[in-house]
Amino acid sequence: MLTYLVRRLIGGATVMVFVSIFVFGLFFVLPADPARLACGKSCTPELMAEIRHALELDIPLPEQYFRFVKGIVSGRTYLAGSEAQLDCAAPCLGYSYQTDQPVTFLLKDRAPATLSIAFGASILWLLIGLSSGIVSALRRATWIDKFSQGTALAGASLQIYFVGLVLQFILVDKLGWLSSPGYVSPNDYPMEWAQGMILPWITLGFLLSAIYARLTRAGMIEVMSEDYIRTARAKGLSSRRVNFKHVLRAAITPIITVFGLDLGALLGGAVITEYVFNIPGLGKLATEAVSNVDLPVIVGTVIVAAVFIVIANIVVDLVYMILDPKVRLA
Amino acid sequence: MTAILQVKDLKVHFQTDDGLVKAVDGVSFEIEAGKTLGIVGESGSGKSVTSLAIMGLHKGSRAAVSGEILIDGVDVNKVTEAEVNKLRGKSMAMIFQDSLAALHPFFKVGDQIAEAYQVHNKVSKKVAKQVAVDMLGRVGIPNPTQRMEDFPHQFSGGMRQRVMIAMSLSCNPKLLIADEPTTALDVTVQAQILDLLRDLQREFGSSILMITHDLGVVAEIADDVLLMYAGRAIERGTVRQLLKTPEHPYAWGLLTSIPKLTGAANAELLAIPGTPPSLINLPSGCSFSPRCSYKDRAKVDCESVIPELAGVKSNSSHLVSCHISETERVAIFKSEIALKL
């Protein structure tokens, strides 16, 4: 178990090294010159040279990459020894070209909003998806099944920016049941936080639950035809116990995997949801950075998203080891 | 002798897109206390479908089951699934061919056995687990207390089948249905499992319904045999009657097709000509008639009239469904079949 974990962590670190090389390469593959981007509107050649020096773009590439990685691991100091010396504590990802704020600060500032969305939406989509999938599987070919599968198909086909805006129009503008979506800190204003989050949760939860409903239904139906379910029935177990213990236990395992990966991807930024509901999360930060070609922020958001996905993968595999005894020994 | 199980005119039909599949079409038999009945037939003869019908496991599927299945005075076919659940495990239990597929991959074997015991006995988890240890020990699994905690895939095929047997016998059922329990096992392990079943039968006093296509298994363990072909019973009698003086041309074909160790090394292997009929388009009359080499010896048109299962004159416990007269059959057996057995 421990060796496995260590092996996976090393694997994850390797992936992160490749991701960091890749995003670092962005600086130089793009036609835009980072120094020019950071220079702003009233730019002179002298200023640009100064910035080039300040951003340490005038040293050899491998050295630049080394300092970039060192910045993440143990912090770095720009313009060391000079008057304008700038200490950037680890994990240092540089400074935004737009606002001059440290990228790490921006990421920390935006993460809670994304976490809030992911937290509520994931509970919602798991609850809705699993329960509607289970009901569908147990009441196969009845109107409940058809209704639930039809809803799931609609959910899987529709887009956040459609459903989100329609729901907002109906629930906020017309009926006035909800206040406008937005983000406030749950520590300071828990009620307002929940109110502002309900619409993003419902929208994202509904759309993603569609996939889970279909997965659960298909998984349950497949497991129901397994020999060991026939054995469970032959033992004299009630159909409730057969379905909710024996069938569900086997059907839920692959769903947990998908859930972990979806959650990991979402934590890196619920891009469209944040954009549609104007929630200041990591996804919105990323889209803003892209439209402003704010390279350090782009790099930061990509790395954070990659970290979440790598961690989610490791967690999913560990959970799988607990859920599936056959994987344990392998 | 009292019959533990009575099956009368059992029919199991499946409606499919291609037509009505008559998997079992009017089968009757009974099993007496402590006895073993072997149901023999090739794939598709309806033997497994029959066993599933007895357990009521066709309920909730597309199968149309008719006829009477009496066990403990209850007609399995007439009661609800909840009623059958009281019988399953307790009055009748079943073991399956593929023990790896038949045990839940995610639960420890000890828990699976304890669960089977707890369904019918109001005891604590602890007591049920003790029963599981006890049962595992009785079916010959070494270190049962430790093996309890293992998962099915951690056992060998033979040991896993022992786990299945332990689970099925945990509530001391009157009838044990074994659906090809040894087919997936090595020959040596096969013999061990059959020995185990026989010992446990003596110990528990259960009746066994042994479903198999292996005449060797039947010879080993059964008291009586029911021979099935295309969903119908075509011959029934004691093991001795079936193996020594078979009456049906299909039984002749089966027995003469067994290769002899004593024969010439290059002796031709005998086979029954043709293939089993489709269960959707059964031949009218005797379903075996298209493959029967002796049908011209019958006085009735085999291809239009279905023969009844009737007792032979010499011994009314030996039943056969064939249009060829008994004297004629005896003559054929003496002149052509006996030599090849």
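B:Glu149 is partly exposed, at a relative accessible area of 37%; here buried means under 20% relative accessible area, exposed over 50%, and partly exposed in between, with a 1.4 Å probe and protein chains only. This is a predicted model, in which local features need pLDDT of at least 70 and side-chain atom pairs count only at pLDDT 80 or more, while totals for chains, interfaces and linings use all residues. Residues are numbered from 1 along each chain as its sequence is written, chains are lettered from A and ligands numbered from 1 in the order in which they are written, and side-chain values use heavy atoms, with hydrogens and water left out.

B:Glu149 sits in the loop between helix H6 (144–147) and helix H7 (157–169) of chain B. Helices (H or I, at least four residues) and strands (E, at least two) are DSSP runs, numbered from the N terminus. From B:Glu149 to B:Tyr294 the separation is 145 residues in sequence and 58 Å in space, C-alpha to C-alpha.

Chain B also holds strand S7 (residues 175–179), which is mostly covered, with 5 of its 5 residues buried. In a regular strand the side chains alternate between the two faces of the sheet. In S7(B), B:Leu175, B:Ile177 and B:Asp179 point one way, B:Leu176 and B:Ala178 point the other way, and all are buried.

S7(B) has a partner in strand S6 (residues 92–95) of chain B, and these two pair in the parallel sense over 4 bridges. Two strands pair if DSSP finds at least two bridges between them. B:Met94 has B:Ile177 in S7(B) as its bridge partner. S7(B) also pairs in the parallel sense with strand S8 (residues 207–212) of chain B, over 5 bridges, and there B:Leu175 stands opposite B:Ser207 in S8(B). Together with helix H8 (residues 187–204) of chain B, S7(B) and S8(B) make a right-handed β-α-β unit. A crossover is right-handed if, with the strands pointing away from the viewer, the path from the first strand over the helix to the second runs clockwise.

The next topic is empty space. Rolling a probe the size of a water molecule over the atoms shows where empty space is left. On a 1 Å grid over the protein atoms alone, a pocket is an open set of points with protein on both sides within 12 Å along at least five of seven lines, whereas a cavity is a set of points where a 1.4 Å probe fits but cannot get out; lining residues have an atom within 4 Å of a point. Grid points are joined across faces, edges and corners, and a volume is the space filled by probe spheres set on the points.

The largest pocket holds about 820 Å³ of space. Its lining has 27 residues, and A:Arg140, A:Met224, A:Arg233, B:Lys59 and B:Gly60 lie nearest its centre. Two or more lining residues come from each of helix H5 (103–138), helix H8 (190–224), helix H9 (227–234) and helix H10 (239–267) of chain A and helix H2 (81–87) of chain B. By class, the lining of the largest pocket has 10 nonpolar, 8 polar and 9 charged residues. Ala, Val, Leu, Ile, Met, Phe, Trp, Tyr, Cys and Pro count as nonpolar, Asp, Glu, Lys and Arg as charged, and the others, Gly among them, as polar.

The second largest pocket has about 440 Å³ of space. It is lined by 19 residues, with A:Ile72, A:Leu93, A:Ile303, A:Val304 and A:Val307 closest to its centre. At least two lining residues are supplied by each of helix H1 (2–29), helix H4 (61–74), H5 and helix H13 (295–323) of chain A. H5(A) gives the largest share of this lining, 5 residues. The lining of the second largest pocket divides into 16 nonpolar, 2 polar and 1 charged residues.

Over all chains there are 12 aromatic pairs. Rings of Phe, Tyr and Trp (its six-membered ring) pair if their centres lie within 6.5 Å; planes under 30 degrees apart count as stacked, over 60 as edge-to-face and the rest as tilted. The ring centres of A:Phe24 and A:Phe68 are 5.2 Å apart and the planes stand at 35 degrees, so this pair is tilted. Because A:Phe24 lies in helix H1 of chain A and A:Phe68 in helix H4 of chain A, the pair ties together parts 44 residues apart in sequence.
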